[in-house]
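These are my notebook entries on one protein structure.

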Amino acid sequence: MATTKVYIVYYSMYGHVEKLAEEIKKGAASVEGVEVKLWQVPETLSEEVLGKMVAPPKSDVPIITPNELPEADGLLFGFPTRFGLMAAQFKAFLDATGGLWRTQALAGKPAGIFYSTGSQGGGQETTPLTSITQLVHHGLIFVPIGYTFGAGMFEMEAVKGGSPYGAGTFAGDGSRQPTELELAQAFHQGKYFAGIAKKLKGSQ
């Protein structure tokens with residue numbers, strides 16, 4: 001059976017999205033026959049600006065170029081929110097995919113979204129909702145998690161990020177880290193998405 005390649009492509013300034021990405025990778029890799037790779041998109045801010053924002057150094061996860069996207073059988077995109085929309089760094093990366101759009105090189109591939117916001121009203125639904133337009137123009141097939149995470153979707157006692165659109169977390173002032181429940185949802189998204197990507201790959 002052919003290997004199904006899943007690329008997890010993300011931007012993370014303070015590490016919250018990266019932690020979700022790592023957990024999503026574990027979930028996707030738990031599906032037999034699925035190969036998973038983490039990628040970062042290029043930073044657009046200068047070192048001087050990042051220093052003033054007290055952003056930690058980037059990890060050693062490789063930087064992706066648009067031309068590497070078609071190699072994947074499935075794509076998971078992660079980013080923090082900026083006023084209810086995806087961060088400009090990720091938008092800049094997608095803006096550079098015009099050549100892929102022109103040839104519809106990504107059409108028919110499944111794609112998912114995960115994200116981080118600063119507060120509970122900071123874009124847990126608007127961020128993925130407004131990002132779906134990027135997928136549509138490329139002909140990508142949006143794969144939400146719906147309520148497949150089960151009881152975890154209905155948690156009311158603890159603060160929890162995420163939605164039917166995908167896994168999520170709250171960064172707060174930056175000190176808050178993804179909780180065990182949020183990480184479990186991220187793992188679930190990876191496993192669920194990889195299973196669907198594998199089915200689509202096998203039907204071709």
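**Entry 1: terms and source.** I take helices (H or I, at least four residues) and strands (E, at least two) as DSSP runs, numbered from the N terminus. I note that this is a predicted model, in which local features need pLDDT of at least 70, side-chain atom pairs count only at pLDDT 80 or more, and totals for chains, interfaces and linings use all residues. Residues are numbered from 1 along each chain as its sequence is written, and side-chain values use heavy atoms, with hydrogens and water left out.

**Entry 2: the record.** I looked up the UniProt entry, which is unreviewed, and it lists residues 6-193 as "domain: Flavodoxin-like". UniProt positions are given in the numbering used here, feature names are shortened, and annotations may be inferred rather than shown by experiment. Over residues 6-193 I find 32% helix and 19% strand, with the end C-alpha atoms 9 Å apart.

**Entry 3: the second largest pocket.** On a 1 Å grid over the protein atoms alone, a pocket is an open set of points with protein on both sides within 12 Å along at least five of seven lines, whereas a cavity is a set where a 1.4 Å probe fits but cannot get out; lining residues have an atom within 4 Å of a point. Grid points are joined across faces, edges and corners, and a volume is the space filled by probe spheres set on the points. The second largest pocket holds about 240 Å³. I find 17 residues in its lining, and Tyr 14, His 16, Pro 80, Arg 82 and Ala 171 are the closest to its centre. At least two lining residues come from each of α1 (16-29), β3 (74-82) and β5 (110-117). Strand β3 gives the most, with three residues. I sort the lining into six nonpolar, nine polar and two charged residues. Here Ala, Val, Leu, Ile, Met, Phe, Trp, Tyr, Cys and Pro count as nonpolar, Asp, Glu, Lys and Arg as charged, and the others, Gly among them, as polar.

**Entry 4: Ser 116.** Leaving aside neighbours within four places in sequence, I find Ser 116 in contact (heavy atoms within 4.5 Å) with His 16, Val 17, Phe 79, Pro 80, Thr 81, Thr 169 and Ala 171.

**Entry 5: the largest pocket.** I record a volume of about 320 Å³ for the largest pocket. Its lining has 16 residues, with Met 153, Glu 155, Lys 160, Gly 161 and Gly 162 nearest the centre.

**Entry 6: aromatic pairs.** Rings of Phe, Tyr and Trp (its six-membered ring) pair if their centres lie within 6.5 Å; planes under 30 degrees apart count as stacked, over 60 as edge-to-face and the rest as tilted. I count five aromatic pairs by this rule. One of them joins Phe 90 and Phe 93 edge-to-face, at 6.1 Å centre to centre and 65 degrees between the planes. Phe 90 and Phe 93 are about one helical turn apart because they are three residues apart in helix α3 (residues 88-95). Both are buried. Ring pairs link Phe 77, Phe 79, Phe 90 and Phe 93 into a cluster.

**Entry 7: the cavity.** I find one cavity of 30 Å³ or more. Among the residues that line the largest cavity are Phe 77, Phe 79, Phe 90 and Ile 113. Helix α5 (126-138) is one of the elements that give two or more residues to this lining, and α5 gives the most, with three. The lining divides into seven nonpolar, two polar and no charged residues.

Conventions:
Buried means under 20% relative accessible area, exposed over 50%, partly exposed in between (1.4 Å probe, protein chains only).
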